[in-house]
Amino acid sequence: YSTTDTGDALISAGSPFVRHSSSRQICDYGMVRAALLKDATGFLDGLDGPFSFCLHISLTGEILLAADRIASRPVWYASVGGMSVAGTFPTTLLPFLPEVRFDPAGLYSLFFYSRQFGSRGLFDGVRRLRGGEIVTIKQDGSISQSRWYRLRYDPHPVRNLKEYAVEVSEALHNSASRIQATHSDPHLFLSGGMDSRLAAAVLAPNIRSVTLTNASNMNSRTAERVARALKMEHETVYRDAHWYLNLFDEAALISGGNYKVTHAHFVPVARQIVERRPAATFLLGDMLENYSKHYFRRLPDSFDALRENGMAAELATMYAYAAPDRKTMEALVRPEVLAVMVTAWKHHMHDIIDETATVSDHLEDQADALFRWMDATACPTYLMHECLLPYSDVDNLMYDSRTINALLHGDRVVKSNGSM
């Protein structure tokens with residue numbers, strides 16, 4: 001599918017579109033198909049904002065899938081028994097599979113890290129499209145993969161902090177202009193933290209803000225003050241004691257075992273807002289913190305060390321959402337089952353860690369890529385946003401090429417000491 005921002009990019013290239021009352025635009029698939037088949041890399045590189053494509057090529061019977069630079073629009077796919085299927089969430093594919101089996105690596109990752117790494121998920125044979133990836137599923141079920149975009153850190157030499165701040169500011173304002181031009185009723189989840197305050201400053205006043213909290217506290221009061229100062233219409237919503245229990249089944253279906261069901265905590269308030277305002281779309285301030293700090297508890301001695309037997313222990317100390325007591329959780333699983341899970345998970349993580357080595361020669365950037373930037377799903381708070389896709393459109397200041405490039409150009413000294 002194509003969201004409004006992608007639609008505008010295609011319109012400027014001369015493609016006819018149909019505008020719908022929901023404020024979304026559906027693209028001319030004939031033009032998109034022709035452009036992708038002629039020069040996929042050149043075509044996709046000219047698009048900005050979040051997008052994904054799933055096209056059926058009727059002449060060849062092939063299915064062509066393509067994702068934006070950081071896979072901000074989820075696409076899951078499977079090819080089993082001569083049949084190929086694709087969808088936004090893995091659970092939508094399960095009814096089409098002849099047999100549903102757990103992926104042992106995915107099962108281990110969910111239990112101990114609360115999310116999945118790379119293309120694998122909870123279900124065997126169901127894969128996720130990666131950032132900058134193109135996948136072609138042929139009529140015989142065979143799958144070919146290529147990349148039109150690869151993440152690569154290219155930090156500029158140490159320079160004046162003000163110069164870098166100007167580059168970041170210009171990139172953020174460019175992204176804000178796109179968002180305001182393509183979303184008729186945007187809403188920002190304003191926690192009161194640094195990232196959402198920055199997003200509010202860039203997007204205000206042409207956006208509504210929402211704060212979700214258990215009770216009035218310093219963050220919620222800060223959010224309210226920020227909204228008043230920026231002249232934004234603001235709403236504070238208080239979670240009750242049954243908030244998570246009431247959305248548990250729905251959250252489990254959406255998450256598909258790929259992250260914690262508690263990540264769906266924005267769903268009830270978003271659903272309520274969409275009922276009142278059908279054109280409402282939602283933004284988070286997450287990912288902006290990438291400009292000012294690294295996202296890991298500590299660095300490993302080297303990524304080579306992670307390939308050894310201590311990989312699980314090493315990652316557990318680095319990743320903020322890892323199970324605090326891995327040994328106790330492992331004791332709950334039968335030893336022979338655990339052995340299969342661990343072996344499969346290590347093999348999978350070896351491939352992921354090898355991929356991180358291609359993004360930079362520096363360990364700090366490699367760790368950042370593993371936990372934040374290999375795909376949008378590397379950011380746990382992004383998963384809170386993904387849960388809203390069944391109800392509304394979502395967007396982010398960090399989905400544009402300029403904001404991504406500004407991050408990749410950032411001086412690591414500035415980033416590591418939190419100067420921004």
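# A working chat about the predicted model

Trainee: Where does P205 lie?
Mentor: P205 lies in the loop between helix 5 (194–203) and strand 11 (208–213). Helices (H or I, at least four residues) and strands (E, at least two) are DSSP runs, numbered from the N terminus.

Trainee: What is the peptide bond from A204 to P205, cis or trans?
Mentor: That bond is cis, with omega near 0 degrees. Most residues other than glycine have a negative phi, and most peptide bonds are trans.

Trainee: What kind of model is this, and how are its residues numbered?
Mentor: This is a predicted model, in which local features need pLDDT of at least 70 and side-chain atom pairs count only at pLDDT 80 or more, while totals for chains, interfaces and linings use all residues. Residues are numbered from 1 along each chain as its sequence is written, and side-chain values use heavy atoms, with hydrogens and water left out.

Trainee: Is A71 buried or exposed?
Mentor: A71 counts as buried because its relative accessibility is 1%. Buried means under 20% relative accessible area, exposed means over 50%, and partly exposed lies in between (1.4 Å probe, protein chains only).

Trainee: And K231, buried or exposed?
Mentor: K231 counts as exposed, at 68% relative accessibility. Its phi is near 60 degrees, again a positive value in a residue other than glycine, and K231 is found in the loop between helix 6 (218–229) and strand 12 (234–238).

Trainee: How many helices and strands are in the protein?
Mentor: The protein has 16 helices and 14 strands. Of its 420 residues, 55% are buried.

Trainee: Which residues touch the most other members of the largest nonpolar core?
Mentor: They are L36, L44, F53, M287, W373 and L397, in a core of 80 residues. Another core, of 35 residues, lies apart from it and has A78, Y113, L315 and L338 among its members. A nonpolar core is a set of buried Ala, Val, Leu, Ile, Met, Phe, Trp, Tyr and Cys residues joined through side-chain atoms within 4.5 Å.

Trainee: On to helix packing. At what angle do helix 10 and helix 12 cross?
Mentor: The axes of helix 10 (residues 311–318) and helix 12 (residues 335–356) cross at roughly 60 degrees and come within 11 Å. Helix 10 is therefore oblique to helix 12. The contact (heavy atoms within 4.5 Å) is made by M311, A312 and L315 of helix 10 and W345, K346, M349, H350 and I353 of helix 12.

Trainee: How are those axes and angles defined?
Mentor: Axes are lines fitted to C-alpha atoms, for helices over the stretch in contact, and angles run from 0 to 180 degrees between N-to-C directions. Angles under 35 degrees count as roughly parallel, over 145 as roughly antiparallel, 65 to 115 as roughly perpendicular and the rest as oblique.

Trainee: What about helix 4 and helix 15?
Mentor: Helix 4 (residues 161–182) and helix 15 (residues 401–408) pack at an angle of about 160 degrees, with their axes 8 Å apart. They are therefore roughly antiparallel to each other. Among the residues in contact are Y164 and E167 of helix 4 and R402 and T403 of helix 15.

Trainee: And at what angle do helix 4 and helix 5 pack?
Mentor: Their angle is about 65 degrees, with the axes 9 Å apart. That makes helix 4 roughly perpendicular to helix 5. L172, H173, A176, I179 and Q180 of helix 4 and L198, V202 and L203 of helix 5 make the contact.

Trainee: How many residues of helix 13 are buried?
Mentor: Nine of the 11 residues of helix 13 (residues 363–373) are buried. Among them are D365, D368, R372 and W373.

Trainee: Where is R326 found, and what is it in contact with?
Mentor: R326 is found in helix 11 (residues 326–330), and R326 is buried, with a relative accessible area of 17%. Leaving aside neighbours within four places in sequence, R326 is in contact with Y108, F112, A312 and A313.

Trainee: What about E330, buried or exposed?
Mentor: E330 is also in helix 11 and is buried, with a relative accessible area of 12%. With neighbours within four places in sequence left aside, its contacts are Y108, F112 and L338.
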